[in-house]
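Okay, everyone, thanks for coming. Let me put the thing up on the screen, and then I'll walk you through a few spots.

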Amino acid sequence: MTILFRGGRVFTPDGVREAAVLVDGGVIAAVGPEGELARRAPSHETVDLDGGLLTPGFTDAHMHPVQAGLERAKCDLSEVYGQDAYLAEINAYAAGNPDKEWIDGGGWDMSAFPGGLPHRSLLDHLDRPVYLIQRDHHAAWVSTRALERAGITRDTPDPADGRIERDPDGTPSGVLHEGAMDLVGLLTPRPTPQDLAAALEDAQRHLFSLGITGWQDAIVGSYAGSDDQLPTYLSAARQGRLRARVTGALWWDRTRGAEQIEDLVARRASAEGLDRFRAGTVKIMQDGITENFTAATLEPYCLCGGTGLSYVEPAKLKEYVAELDRLGFQVHFHAIGERAVREALDSFEGTDPANRHHIAHLQIIEPSDVPRFAALGVTANIQPLWATHHAQMDELTLPYLGEPRSSWQYPFKDLLDHGTRFCAGSDWPVSSADPLQGMHVAVNRTEPGGSVHAGYPTARTPFLPGQRIDLATAMAAYTSGSAWINRSPAGAIEPGRPADLVVLDRDPFALPPEEIWTTRARMTFVDGQAVHE
């Protein structure tokens, strides 16, 4: 099939330009004047851009689609905000699913509750145990029945990699942080292989509707009560149901050491020869999040003290990363606090930049570490949507970080000025998967209209506006940058590339910056075939 895309502008490696694009046999054949391309292929179908913008398919460098698909089929709190709204959704889900043994799902926001902590008593009117994962996936809200099922009492010790929130008398209050989530999460009903397959297919449909044609699944393994998704991806890829280009980041089990590397090599090999899925990445979560004080910091948190958690001891971390690098693995870090970022960078000293290592989230970077990314050839995997004034930032993060640390958050412009390579992701279902919303925040540092925090008093006040980046840089991070991280052949509109393309309903480069978020994907193509209209 030959297709001529015409009637709008095109985002190319050289920038936005007036051009048409010719696709032949699923591959981009030419970019140039419409008349010239039409003469070159007199028999073709036409896609009218209608004044919109043609971009490469977006690639999300850090997300959790299978988990998102599962949560969309359960008690999904991600589209509402506030204690009353959450309880209404939970009650409606319980009433609509009377035969389910557990009420489980997630998507609640810490900022909706005093001190960021909901209480088990809010759930105890229900006749079943309740397990609801927090929006960031670093905590779970559970009912008294769920705690009883798990045998968790005031005498239960905190696990080494987590914390049980407690009432003043020591009784568990109903929030489990980090590794403590598994104490209850592993008791919830396990999804069947059919459930996991349906979750992946639902997620893929949703992502295609947003123009996302590839992604890196940031946890392929068992974590926080979730099951290993590797068999799901392998099956979907072998059966042709996986049409997106996907890299799976194999989970580094922080309860184990170097002995698991042999297992990771075998897991990587299980995906060899597949066209749509590769598994040459290892994901290491080095710390938690700031809101529950598990992000690893150099200095104590204000008001509460403590410096968070380093899940892998730094000296051992260097050994593990060196061996993974020697074996040709890409290493994908989760690092939120400035100490975790430094520990990740330290572990990359002496590694091979050709393995395309990257660090995700990067909420806080001590200024002296900013130049090290480019110097070490480490890519910054940014999640721009978080870099705004919203309730969780203003009420739960800033008071505990203090200055100057609060001003070190999400330093995109500083990283860019030092020559750092970018890729970008959403962490969906932690936050919206919509790349245009992420680009909006990268450019404006304000909440997109329509977000759950759009009505927050300071949502329109730019957050550290000196760290804004331009739209072309942000869009490149979501296209060529993330495709490069995934070793995908797509990601740019130029001859010879796969025709993974998105037709946007308007040209965001022609909009006022504050309206970027209004842009939508009108059509999405993979290998020149429409997967969303």
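So, Ala 335 stands opposite His 361 in strand S19. Quick caveat: this is a predicted model, so local features need pLDDT of at least 70 and side-chain atom pairs count only at pLDDT 80 or more, while totals for chains, interfaces and linings use all residues. Residues are numbered from 1 along each chain as its sequence is written, and side-chain values use heavy atoms, with hydrogens and water left out.

Back to the strands. S18, residues 330-335, and S19, residues 358-361, run parallel and are joined by four bridges. Strands pair here if DSSP finds at least two bridges between them; strands themselves are DSSP E runs of at least two residues, helices are H or I runs of at least four, and both are numbered from the N terminus. S18 also has S17, residues 277-285, running parallel to it, with five bridges. Over there, His 332 in S18 is the bridge partner of Lys 283.

How does the chain cross over between these strands? S17, helix H9 (residues 314-326) and S18 make a right-handed β-α-β unit, and S18, helix H10 (residues 338-347) and S19 make a right-handed one as well. Right-handed means that, with the strands pointing away from you, the path from the first strand over the helix to the second runs clockwise.

Now, which residues of S18 are buried on each side? Gln 330, His 332 and His 334 on one face, and Val 331, Phe 333 and Ala 335 on the other. Buried means under 20% relative accessible area, exposed over 50%, partly exposed in between, with a 1.4 Å probe and protein chains only. In a regular strand the side chains alternate between the two faces of the sheet.

Next, Glu 366, in the loop between S19 and helix H11 (372-376). Glu 366 counts as buried because its relative accessibility is 17%. Its side chain makes a polar contact of 3.1 Å with that of Arg 342; that's N or O atoms within 3.5 Å, where one must be able to donate a hydrogen and the other to accept it, and residues adjacent in sequence count only if both atoms are side-chain atoms.

Last stop, charges over rings. The charged end of Arg 405 sits over the ring of Tyr 301, 5.7 Å from its centre, and Arg 445 lies over the face of Phe 412, at 5.2 Å. The rule is NZ of Lys or CZ of Arg within 6 Å of the ring centre and within 35 degrees of the ring normal.
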